[in-house]
Amino acid sequence: MSNSLTISQASSTKDILSLLSMLNSVYRPTAAPHQGMALEFPHLFAQGNAKNLYYAAIDGQVVSMIGVYPQVLAIEGIELPVASIGCVATLPSFEKRGIATKILNQVFDDLTKQDFPLALISGERGLYRRLDAVPVGSMYEVTFTADDLRPVIHDLKGIAASDVEEIGAPQRSQWASALAPIYWRQPNRFRRTVQHMATLLESLWFARSGYDQRLFVLSDCNQVTGYVVAYRSLHSSSPVTITEWGGNSLTVLASLPQILDAFGSNAILVNFHSQDQVLAFLITSHGVKMATTPLQGTVRVLSLKSLLARTHPLIEERYGRRGLYLSQDQTQMWTGVNPLGDAISLSQADIPGYLFNVPPHGLGLPFPWTHDLNYI
Ligand SMILES: CC(C)(COP(=O)(O)OP(=O)(O)OC[C@H]1O[C@@H](n2cnc3c(N)ncnc32)[C@H](O)[C@@H]1OP(=O)(O)O)[C@@H](O)C(=O)NCCC(=O)NCCS
């Protein structure tokens, strides 16, 4: 590798545009710098977030980048700051020289110094796994055909129903003030302002060419009760995929036939929370298969001290005022006693899985979905 490789953080609009030019060449080859990824991820590429855009240059040429966007998770009322990591790319002629690894190590060091508990990485590849990122949590994933839905919806008659209205492009962001409060009522989510939500309703797959993403608002007696954001690839026969929904899960389920109709499609993929037992029973009682999958991407511990301090109240609440107490031994393992009184020994990398995976593999603390509109 050339000795002139430097790792820097962006500062100016000019820096951001040159990163976008490289990034688009990898992910959106036909897009100009101010289009493509800039429109899909506007918060990440905002001038105020410039210092969180890390890049490697060789002889002044940008060859690789990693985007970081600080966010805050709200898990049953506690706040957990996280660094979302995405838009990871290296120019093809510079791949496999350890450049992305080098930037990522720098990112992790800087974020650990800033006391961030966790990084949320939008990817699962070896690059991240080698640096101790692990999958966490679980959710139900169901792909319904129109035929699957018919008997399920029949059972919901009189229990959950709503009017479903599709909101087109010019009005979409104006719905943020009505929809954000529905999002805020989810027990596990990102902190999101109305302004964030307005921007998100114009970005991601809404802004991605080749994808048709739409917003549906659910209401009952003119009262907004929920919403669904779903997309379809225009170039494949993949099912319609729900990116995010808010409101009651049974009401959302009842709206799916109309959403399928709107897309003119025959299959729709949706995720439900793994603690949603009523819904799980309803679906499986009709013979529809539900997979249990980890949340999208991987997570990596940054500041363990901060992670354990922030999650302590949640553990105490769930385990009758008993917490998780760990200290590091000579072999670098974290050993101690779990809230049930059992001795445990974990590597640092395994701790997020232990906190957020369901028993008996973990303590079953809830974790927000990482594939929703806050995805980067
Ligand atoms: C993914 C990408 C960013 C990697 O960039 P890179 O600079 O080539 O990354 P590195 O050289 O540090 O690592 C490349 C691979 O070698 C592996 N590697 C690096 N150093 C290693 C070492 N010392 N020993 C063993 N493996 C090593 C990494 O784990 C990584 O494995 P992976 O391909 O399974 O993820 C680049 O290939 C790319 O831009 N791809 C297209 C866009 C993309 O897919 N981005 C990621 C989205 S999640």
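Let me begin with a convention: helices (H or I, at least four residues) and strands (E, at least two) are DSSP runs, numbered from the N terminus. By that convention, asparagine 222 sits in the loop between β9 and β10. Its phi is near 65°, a positive value in a residue other than glycine. Asparagine 222 counts as exposed because it has 6 C-beta neighbours inside 10 Å. The rule calls a residue buried if 20 or more other C-beta atoms lie within 10 Å of its own, exposed if 12 or fewer, and partly exposed in between, with C-beta atoms placed from the backbone.

Two remarks on the source. This is a predicted model, in which local features need pLDDT of at least 70, side-chain atom pairs count only at pLDDT 80 or more, and totals for chains, interfaces and linings use all residues. Residues are numbered from 1 along each chain as its sequence is written.

For context, most residues other than glycine have a negative phi, and most peptide bonds are trans. A cis peptide bond joins proline 359 and proline 360, with omega about 5°. Proline 360 belongs to the segment after α12 (351-356).

I turn to the sheet. Seen in order, the strands of this open sheet of 7 run β7-β9-β10-β11-β12-β6-β13, with mixed pairing; two strands pair if DSSP finds at least two bridges between them. At the edges stand β7 (163-167) and β13 (291-293), each with a single partner strand, so one side of each has no neighbour in the sheet. On average, neighbouring strands of this sheet are turned by 30° against each other, direction ignored. Within the sheet, β11 (residues 240-246) and β12 (residues 267-273) run parallel and are joined by 2 bridges. Threonine 241 is placed opposite leucine 269 in β12.

Which strands does helix α9 touch? Helix α9 (residues 249-263) packs on the sheet and touches β6 (139-145), β7, β9 (211-220), β10, β11 and β12. Contact here requires C-beta atoms, placed from the backbone, within 7 Å. The direction of α9 makes about 45° with that of β10, whereas helix α7 (residues 176-184), lying across β10 (223-233) and β11, runs at about 90° to β10. For these angles, axes are lines fitted to C-alpha atoms, for helices over the stretch in contact, and the values run from 0 to 180 degrees between N-to-C directions.

Next, the ligand. It is surrounded by 17 residues, the closest being Thr90, Ala100, Thr101, Gly123 and Gly126; a residue is near if its C-beta atom, placed from the backbone, lies within 6 Å. β4 (78-90), α3 (99-113) and α4 (126-129) each give two or more residues to this shell.

Finally, helix α1 (residues 13-27). Its buried residues are Ile16, Leu19, Leu20, Met22, Leu23 and Asn24. These pack against α2 (37-40), β2 (53-58), β3 (61-75) and β4.

The strands β15 (residues 325-328) and β16 (residues 334-337) run antiparallel, joined by 4 bridges.

Terms used. Contact = placed C-beta atoms within 7 Å.
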